[in-house]
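Below is a brisk report on one chain. Start with the fold, then follow the helix contacts and the backbone details.

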Amino acid sequence: MSGDGSKKQFWKRNTAKVPGNIQHVYGAQHPPFDPLLHANLMKAGNKPPSTTTPGKPKKATTFQEFESITSDAWDVGDDDDDELLTMAAQNLNIEVVMETANKVIENHSKLQERRQQQMDKMTDSEALPLSDNKLVKSHSEAPVGSPKEELRKLSWSGISRQVRPITWKLLSGYLPANAERRESTLQRKRQEYFGFIEQYYDSRNDEHHQDTYRQIHIDIPRMSPESLVLQPKVTEIFERILFIWAIRHPASGYVQGINDLVTPFFVVYVFEYIEEEVENFNVSSLQEEVLRNIEADSFWCMSKLLDGIQDNYTFAQPGIQRKVKALEELVSRIDGMVHRHMQQYEVEYLQFAFRWMNNLLMRELPLRCTIRLWDTYQAEPEGFSHFHLYVCAAFLVRWRKEILEEKDFQGLMIMLQNLPTMHWGNEEVSVLLAEAYRLKFAFADAPNHYKR
C-alpha cells in the first residue's frame with residue numbers, strides 16, 4: 001500500500017494554482033480565442049492514446065486524470081442509442097415543430113392568465129406581493145412542488161411590472177422564501193454592500209486597481225440606454241457596483257460585457273418606485289436612501305447571476321468557447337442548410353455568437369425584451385448558463401430567410417451584427433422562448449442528438 005505522501009499526490013500535484021488567484025483579465029477587446037493555441041481547453045476526446053503498459057492502470061496524479069481514466073465506465077452500448085437518437089433528430093419535421101411550438105405558446109398563455117389573476121389579487125392585499133398569503137400555498141392546495149417551484153412556473157411566461165422587483169429577488173435567491181426573514185435579510189445585505197464600498201472603493205486609483213477602474217469608466221458610457229447610463233448619478237452607481245464586484249472576484253476580475261448585466265436589475269428595481277419609463281426619468285430625483293437600496297440590490301442580484309456563469313469571464317473565457325461550439329453543433333442538426341451556408345462563406349460562429357454569449361443577447365435586443373427574456377431565464381433552472389444556448393439557436397434560425405439571401409461574408413456579418421429587433425415586444429420574445437423550449441425538450445436530455 002502507498003503511504004500518506006502518495007495519497008496527497010493523488011489529489012494535488014501543484015499547490016501554486018488554487019481557486020481565487022489573481023490572473024490576467026481576458027476581455028472582449030482581445031482577439032477571439034484560437035483553439036489551435038489553447039489545446040488544453042479542447043475536448044478530452046482529442047487526447048492521444050495512453051502508452052501505459054497493458055493490464056497495469058496508469059497512476060492518476062490529479063482528479064482530472066482520474067476522471068479521464070474512469071470516464072468510459074458507462075459508455076458500453078451507447079452506439080446503438082446514438083444511432084436511434086440521430087434518426088429521431090433527422091425525422092423532426094416542420095409539422096411537429098409548429099405543433100409543439102403552438103402548444104407551448106398556448107400553455108404559457110394560459111399560465112400567464114392565471115398568474116396575472118393571482119398577481120392582481122396579491123397587489124390588492126396589504127402584505128408583500130408573492131408573500132405566503134397566495135403563492136406560498138398550503139400542502140392541500142399545492143401538493144406538487146415547493147412554493148419557489150410554483151413561483152417559477154408562474155413567472156416563466158412573464159412577470160407583471162408591479163411585482164417583478166420582488167419576484168426577481170426571490171427567484172435569484174437574494175431574498176429568502178420565508179416572508180418574515182425578508183426585511184432583516186435586505187437590511188443585512190445592504191449594510192454589507194456599503195461596508196465593501198467603505199473598505200475597497202478608495203483603492204480604485206491605486207496602482208494595483210487603476211486599470212480595472214479605468215476600463216469600467218470607459219465602458220459605462222458605451223452602454224444603453226444612453227439617456228439612463230449617462231446620468232451622472234447612474235454612472236457613479238454603476239462604477240461602484242462593477243468595481244466592488246471585480247475586487248471581490250479576482251479569478252476573473254472585470255471583463256467587458258459584465259457591465260451590461262447591471263442594467264436590467266437596476267431598471268427593474270427603479271420601477272419599484274416610479275410609474276413612468278426609466279429612460280425618461282431623472283434618477284437623481286429619487287431619495288438617497290432609495291438609491292442606496294437600488295444599488296445594493298442590483299449588486300447582489302448581478303452577483304448571483306454571475307456566480308452561475310463566471311467561467312464565461314475567467315482567462316480565455318472558456319465558458320463562452322464551449323457554448324459557441326455547442327451552438328454550432330446544435331444549429332448543424334436543427335437547420336443544416338443555414339449551417340452549410342455559413343460554412344460556404346467562411347463565417348465562424350465565434351465571430352458573431354461570442355457577443356451573444358458574452359452579453360446574453362443584450363446588444364441584439366431592446367432593453368424591454370431583455371427584461372422579459374430574463375423573467376424566463378430566472379424561472380428556468382440554469383436559465384443564464386444552459387437555457388440561453390437554446391435561445392441563441394432559436395434566435396439564429398429565426399433569421400433563416402435573411403441569412404440565406406446573403407451571398408458573401410461581409411453581407412452575412414453585417415446582417416448578423418445588426419439584426420432588426422428594434423420594434424420587438426413581448427409577442428416576439430414569447431415565440432422565441434417557445435422555440436427555445438422546444439429545442440431544449442428535444443436536445444437537452446439527449447446531447448447526442450446534436451453531436452456528429
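Helices here are DSSP runs of H or I with at least four residues, numbered from the N terminus. Helix α6 is one such run, and Gly-173 comes after α6 with a positive phi near 90 degrees.

## Overall picture

This is a predicted model. The chain holds 20 helices and zero strands. It has 452 residues, and 46% of them count as buried.

The chain exposes about 24,700 Å². Carbon and sulfur atoms supply 51% of that area.

## The enclosed helix α6

How many of the residues of helix α6 (residues 164-172) are buried? Nine of the nine are, so α6 is largely enclosed by the rest of the structure. The buried set runs through Arg-164, Pro-165, Ile-166, Thr-167, Trp-168, Lys-169, Leu-170, Leu-171 and Ser-172. Charged side chains are among them: Arg-164 and Lys-169 are both buried.

What covers these residues? The cover includes α5 (147-155), α7 (182-200), α11 (262-270), α12 and α16 (367-379). Gly-173, with its positive phi, follows the helix.

## α10 against α12

Two packed helices are described by the angle between their axes and the distance between the axes. For helix α10 (residues 232-248) and helix α12 (residues 288-307), the axes come within 10 Å and cross at roughly 40 degrees. Angles under 35 degrees would count as roughly parallel, and 65 to 115 as roughly perpendicular. The pair α10 and α12 is therefore oblique. Their crossing is right-handed.

On the α10 side, the contact uses Lys-233, Ile-237, Arg-240, Ile-241, Leu-242, Ile-244, Trp-245 and Arg-248. On the α12 side, it uses Glu-288, Leu-291, Glu-295, Ser-298, Phe-299, Trp-300, Met-302, Ser-303 and Leu-306. By class, the contact of α10 with α12 has 10 nonpolar, two polar and five charged residues.

## α13 against α15

Helix α13 (residues 318-334) packs on helix α15 (residues 349-358) at an angle of about 120 degrees. Their axes are 9 Å apart. Roughly perpendicular ends at 115 degrees, and roughly antiparallel needs over 145. So α13 and α15 are oblique to each other. This crossing of α13 and α15 is right-handed.

From α13 come Ile-320, Gln-321, Lys-323, Val-324, Leu-327, Glu-328 and Val-331. From α15 come Tyr-349, Leu-350, Ala-353, Phe-354, Met-357 and Asn-358. The residues of this contact divide into nine nonpolar, two polar and two charged.

## Cys-392 in α17

Is Cys-392 buried or exposed? Cys-392 is buried, with a relative accessible area of 0%. It is found in helix α17 (residues 383-398).

Leaving out residues up to four places away in sequence, Cys-392 touches Leu-327, Trp-356, Met-357 and Leu-361. Leu-327 and Met-357 also belong to the contact of α13 with α15. Cys-392 and Trp-356 are 36 residues apart in sequence, yet 7.3 Å apart in space, C-alpha to C-alpha.

## The loop between α12 and α13

Thr-314 is found in the loop between α12 and α13. Its relative accessibility is 18%, so Thr-314 counts as buried, the cut-off being under 20%. Gly-253 is 61 residues from Thr-314 in sequence. In space, the two C-alpha atoms are 7.8 Å apart.

Ala-316 is found in that loop between α12 and α13 too. At 4% relative accessibility, Ala-316 counts as buried.

## Backbone exceptions

Most residues other than glycine have a negative phi, and most peptide bonds are trans. Ala-316 is not a glycine, but its phi is positive, about 70 degrees. Glu-346 also has a positive phi without being a glycine, at about 60 degrees. Glu-346 is found in the loop between α14 (336-344) and α15. At 60% relative accessibility, Glu-346 counts as exposed.

Which residues does a cis peptide bond join? The bond lies between Ser-224 and Pro-225, with omega about -5 degrees. Pro-225 is found in the loop between α8 (210-219) and α9 (226-229).

Key. Residues numbered from 1 in each chain as written. Predicted model: local features only at pLDDT ≥ 70, side-chain atom pairs only at ≥ 80, totals over all residues. Heavy atoms only, no water. Helix = DSSP H or I, 4+ residues; strand = E, 2+ residues; numbered from the N terminus. Buried < 20%, exposed > 50% of the residue type's maximum accessible area, 1.4 Å probe, protein only. Areas by Shrake-Rupley, 256 points an atom, 1.4 Å probe, with all protein chains shown as cover. Axes fitted to C-alpha atoms, helices over the stretch in contact; angles between N-to-C directions. Left-handed = near helix turned anticlockwise from the far one by under 90°. Contact = heavy atoms within 4.5 Å.
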